[in-house]
Amino acid sequence: MNKILNIVPVPVPDEALAAFAAQIPDDVVHPGVENVFVSARAGGSTLDSAYETTLADAFVLDAGCRAQEEGYAAVCVNSMSDSALAALRSRLDIPVVAPSQASMLVAALLGKQFSVITMWPEWHDLYHKAAREHGLTSKLASVRDIGVPPNTAELLAGKEDFVFGALEEQARAAIDEDGADVIILGSTTMHQSHAYLSEHLEVPVLNPGVIAFQLCQMLVLGDLSHSKKAYPSPAFVQDDLLSAVPAGLPG
């Protein structure tokens, strides 16, 4: 059995972790693959700033740095922040995949321009940063949001009536006004809106957590991983540096 470690980059309660895990439908998981979801032991909460994304990088690295020794076949970062993606690829030989890079590359395969539809303005820089790093700025038609702060514990539960319509409105503007022919959901916390938007829009709508997992699974089953020339291993491994930090939810 190939185990894939999925890391949520902020500390969340067990019920929220179960909601994150629920975004991966059973029918996309290969019979030879087991999904394991964990969250970072400490760090940020909503990744609303460079300060919080730096904390997330540190504690996602902490959560995944021993994955290879623990018998995992791959690591999948479950956030459009792509937290610690390069660091984990440097530390590990097994595949490491994250949603922004994965969904943007798939969007570039499916269309000519894509837009990201997200929850609030504080996340815009995450997508522009990913597009720059992966040479996809010319493919990014726009980033639009609905001005609603995210909730990493409840996700979109209880907000469906307002949020789904607002997301559809912004996606429609991205298609009609910005020239997008593919839409990417801006967060794995938004996965509950995917079915609704896919039904109401005429372009592909990418659910980033699922896309990242499917790509991760493909690499595992294809016996492929990242180039160690591109992501060289460290001369000195210091995995214990963060171990003294106590676990706990922010606030």
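Modeller: Keep in mind that this is a predicted model. It contains an open sheet of four strands, in the order β6-β5-β7-β8, and the pairing is parallel.

Colleague: Which are the edge strands?
Modeller: They are β6, covering residues 140–145, and β8, covering residues 205–206, and each of them pairs on one side only.

Colleague: And what holds strands of a sheet together, in general?
Modeller: Strands of a sheet pair through backbone hydrogen bonds, and the pairing can be either parallel or antiparallel.

Colleague: How many bridges join β5 to β7 here?
Modeller: Four bridges join strand β5, residues 114–118, to strand β7, residues 182–185, and these two strands run parallel. If you look for Ser115, you will find that it stands opposite Ile183 in β7.

Colleague: Which strands does helix α5 touch?
Modeller: Helix α5, made of residues 124–133, packs on the sheet and touches β5 and β6, while its direction makes about 165° with that of β6.

Colleague: Changing topic, what is the phi of Asp82?
Modeller: Phi of Asp82 is near 50°, which is a positive value in a residue other than glycine. Asp82 sits in the loop between β3 (74–77) and α3 (85–91).

Colleague: Is Asp82 buried or exposed?
Modeller: Asp82 is buried, because its relative accessible area is 11% and buried means under 20%.

Colleague: Where does Asp223 lie?
Modeller: Asp223 lies in the segment after α8 (208–221), and its phi is also positive, near 55°. Asp223 is exposed, with a relative accessible area of 71%, whereas Asp82 is buried.

Terms used. Residues numbered from 1 in each chain as written. Predicted model: local features only at pLDDT ≥ 70, side-chain atom pairs only at ≥ 80, totals over all residues. Heavy atoms only, no water. Buried < 20%, exposed > 50% of the residue type's maximum accessible area, 1.4 Å probe, protein only. Pairing = 2+ DSSP bridges. Contact = heavy atoms within 4.5 Å. Axes fitted to C-alpha atoms, helices over the stretch in contact; angles between N-to-C directions.
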